[in-house]
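The following report is meant for a reader who is meeting this structure for the first time. Please keep the model in view while reading, and look up each residue as it is named.

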Amino acid sequence: RYFMNDTSAKAARAAQFAREGVAIVEHVLGEPEMALLDRLVPDCQSREAGVHLAGDAFEHLRSQTELSVLAAEFCGSSCGQAGMRLIRAIVFDKHETANWFVPWHQDCVREPVGDRASDEAKVETPVSLLEQIVTLRVHLDDCTEDDGPIEVVPGSHRNGVLRQDAIGELVTDGASRLCLVARGDIMVMRPLMVHRSQRARKPSRRRVL
């Protein structure tokens with residue numbers, strides 16, 4: 001867990017992120033920026049699946065220097081700020097009537113082939129590309145133990161793409177960690193990190209972008 005403006009610890013936190021594949025950075029976005037995101041992010045309370053952002057909301061995120069600086073810092077020496085670009089943005093809204101649970105998995109991005117959108121017509125992103133991606137989870141609401149936090153297995157991103165049975169073995173053997181994040185803080189993670197989304201014990205609202 002780090003503070004955004006603590007420049008003295010950059011090398012140490014980058015090294016720890018390389019080992020663990022996850023970090024929480026506090027006080028990245030102030031309340032004025034958060035209020036603007038509240039207005040830009042669509043209301044998706046009626047949906048359990050994530051909603052992809054487009055238009056003004058997507059363009060606003062793409063223009064945010066704080067996010068590209070943060071992504072470049074944790075991506076590693078091979079990625080400079082100028083080389084970072086936003087490829088997609090999704091908002092998840094967990095609440096009383098959309099209180100989902102997602103089992104242990106990795107985020108192996110699958111893209112459509114040509115103009116087809118069926119599962120059979122999708123290709124999985126190569127590991128070499130997944131290793132160049134960092135996911136920034138911007139929390140629009142506080143996420144406590146009661147709000148359905150993400151649970152991760154630190155270091156699991158270094159094992160490449162895993163079969164489901166291998167994920168099960170890893171979870172059995174590895175120590176997991178709950179990620180509790182406040183509004184305005186950002187959780188940074190590698191897509192290949194093995195993680196799951198907990199169901200909220202006392203659902204109120206937990207929006208994550």
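Phe 92 is partly exposed, with a relative accessible area of 28%, where buried means under 20% relative accessible area, exposed over 50% and partly exposed in between, computed with a 1.4 Å probe on protein chains only. This is a predicted model, in which local features need pLDDT of at least 70 and side-chain atom pairs count only at pLDDT 80 or more, while totals for chains, interfaces and linings use all residues. Residues are numbered from 1 along each chain as its sequence is written, and side-chain values use heavy atoms, with hydrogens and water left out.

**Aromatic pairs**

A pair of aromatic rings is described by the distance of the centres and the angle of the planes. Rings of Phe, Tyr and Trp (its six-membered ring) pair if their centres lie within 6.5 Å, and planes under 30 degrees apart count as stacked, over 60 as edge-to-face and the rest as tilted.

| Pair | Centre to centre | Angle between planes | Kind |
|---|---|---|---|
| Phe 17 and Phe 74 | 5.0 Å | 65 degrees | edge-to-face |
| Phe 92 and Trp 100 | 6.4 Å | 55 degrees | tilted |

Phe 17 belongs to helix α1 and Phe 74 to helix α4, so their pair ties together parts that are 57 residues apart in sequence. Both of these residues, Phe 17 and Phe 74, are buried.

**The chain and its cores**

Helices (H or I, at least four residues) and strands (E, at least two) are DSSP runs, numbered from the N terminus, and the chain has 6 helices and 13 strands. Of its 209 residues, 45% count as buried. Contact means heavy atoms within 4.5 Å, and among the contacts in the chain with a separation of 6 or more, 81% are between residues 24 or more positions apart.

A nonpolar core is a set of buried Ala, Val, Leu, Ile, Met, Phe, Trp, Tyr and Cys residues joined through side-chain atoms within 4.5 Å. The largest such core has 31 residues, and those with the most contacts inside it are Leu 37, Leu 70, Val 138, Ile 186, Val 188 and Leu 209. Two or more residues each come from β2 (22-26), α2 (31-40), α3 (55-62), α4 (65-75), β8 (135-138) and β11 (186-189), and α4 gives the most, with 6 residues. A second, separate core of 9 residues includes Val 22, Ile 150, Cys 179 and Val 181. When its neighbours within four places in sequence are left aside, Leu 209 is in contact with several residues, including Leu 37, Leu 61, Ile 90 and Val 138.

**Helix α4**

Why is α4 described as largely enclosed by the rest of the structure? The reason is that 8 of the 11 residues of α4 are buried; among them are Leu 67, Leu 70, Glu 73 and Phe 74. The buried residues of α4 pack against α1, β2, α3, β8 and β11. The helix is followed by Gly 76, whose phi is positive, near 115 degrees.

**A pocket and Glu 131**

On a 1 Å grid over the protein atoms alone, a pocket is an open set of points where a 1.4 Å probe fits, with protein on both sides within 12 Å along at least five of seven lines, and lining residues have an atom within 4 Å of a point. The second largest pocket is lined by 13 residues, of which Phe 17, Ala 18, Glu 131, His 157 and Arg 190 lie nearest its centre. Both α1 (10-20) and α4 supply at least two residues each of this lining.

Glu 131 lies in the loop between α5 (127-130) and β8 and is partly exposed, with a relative accessible area of 47%. Apart from its neighbours within four places in sequence, Glu 131 is in contact with Arg 190 and Leu 192. The C-alpha atoms of Glu 131 and Arg 190 are separated by 7.4 Å, although the two are 59 residues apart along the chain.

**His 27**

Most residues other than glycine have a negative phi. His 27, which is not a glycine, has a positive phi of about 55 degrees. This residue is found in the loop between β2 and α2 and is exposed, with a relative accessible area of 56%.
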